Amino acid sequence: MTFCSCACTFNPKQWYPRKEDDKSVACTGLPDTGFGMLPRDSSDLVAVSTSIPHVRVPRGIRAIQAAADGLVALGTALEAMPKRRELSFSARVGSCYRHHSTDSKDECGYVLKGNYMISKSTTPEKQAYWREKANPMNLGLAWPGRTPHSGGYACDVILVDRDGRDCFDWRAGVPDAPRCSIDAKAAVELLNEAMTTAGALRLTYEAWHYEWGPGASGCSHPDCAKHGWPITGKPGNKP
Ligand SMILES: [Zn+2]
């Protein structure tokens, strides 16, 4: 909250439900650079190859060299997997580097709107409702500021079945997560196995978030499975 109040302002008169119309949150005070916050023109960022076998990479995806190399290694790992030959799945990169303001503005929006509504709420029930909404963690977001994505060493990667369907998103095994022809738990483990071979660690409570390099933290195959099922996208995923 302190971070958002310092970096951003919230004007309830400009608050509209549609994201395109909503002008209520402005974040002009976000720090431009800092540890784990690479500027957009950082020389540490390289283009991720768009011609990796079995890995679909949209144009314009950038990451630090360790992550870019890791995605190339993912292609090699997938090529060598007997299960991939059997089931014909592939991987799709959703996102790697994102400037920290991309996430922080949305996250601060939830924090500032939630806190405004708490101050306006007349009953404990309403306050509790908005307290829940004011915590970006409850929305599958991080607290604003530095993230592994703003540091360029994280990528969100999804397993895709032979028909091109996503097998999960940041969550897996929960009712509204995407599903494909491969069992969700098996799909998460297949990607985790290939990613571990490619040197990545996975965020324990997200199915798609992987990190490489000195800043990386998380679990590797087969231990990720011990962190619980379903994968809810929220910290404290219980077995
Ligand atoms: Zn991520």
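Predicted model: local features only at pLDDT ≥ 70, side-chain atom pairs only at ≥ 80, totals over all residues.

Colleague: Good to know. Where is the place of glycine 233?

Modeller: Look in the segment after strand E9 (209–211). Helices (H or I, at least four residues) and strands (E, at least two) are DSSP runs, numbered from the N terminus. The C-alpha atom of glycine 233 is separated by 13 Å from that of valine 188, and the two residues are 45 apart along the chain.

Colleague: And which peptide bonds are cis?

Modeller: One runs from histidine 221 to proline 222, with omega near 0°. Another runs from tryptophan 229 to proline 230, again with omega near 0°. Most residues other than glycine have a negative phi, and most peptide bonds are trans.

Colleague: So which residue has a positive phi near 70°?

Modeller: That is histidine 54, a residue other than glycine. Histidine 54 sits in the loop between strand E3 (45–47) and E4, and counts as partly exposed because it has 18 C-beta neighbours inside 10 Å. Serine 88 also has a positive phi, near 55°. You'll find serine 88 in the loop between helix H3 (82–87) and E6.

Colleague: Switching to the sheet: what order do the five strands have?

Modeller: The order is E4-E6-E7-E9-E8, in an open sheet with mixed pairing. Strand E4 (55–56) and strand E8 (201–202) are the edge strands, each pairing on one side only. Two strands pair if DSSP finds at least two bridges between them.

Colleague: How many bridges join E4 to E6?

Modeller: Two, and E4 runs parallel to strand E6 (residues 90–95). Valine 55 has alanine 91 of E6 as its bridge partner.

Colleague: What about E6 and E7, in which sense do they pair?

Modeller: They pair in the antiparallel sense, over five bridges. Serine 90 has valine 160 of E7 as its bridge partner, while valine 93 stands opposite valine 157 in E7. E7 also pairs with E9 in the antiparallel sense, over three bridges. E7 is mostly covered, with six of its seven residues buried.

Colleague: Which helix lies across E7?

Modeller: H6 does: it lies across E6, strand E7 (154–160), E8 and E9, and runs at about 130° to E7. Axes are lines fitted to C-alpha atoms, for helices over the stretch in contact, and angles run from 0 to 180 degrees between N-to-C directions.

Colleague: Last one: which residues in H2 meet H6?

Modeller: Leu74, Ala77 and Leu78 in H2 meet Ala194, Met195 and Thr197 in H6. Here, two residues are in contact if their C-beta atoms, placed from the backbone, lie within 7 Å. The axes of helix H2 (residues 65–80) and helix H6 (residues 184–197) come within 8 Å and cross at roughly 120°.

Key: Residues numbered from 1 in each chain as written. Buried ≥ 20, exposed ≤ 12 C-beta atoms within 10 Å, placed from the backbone.
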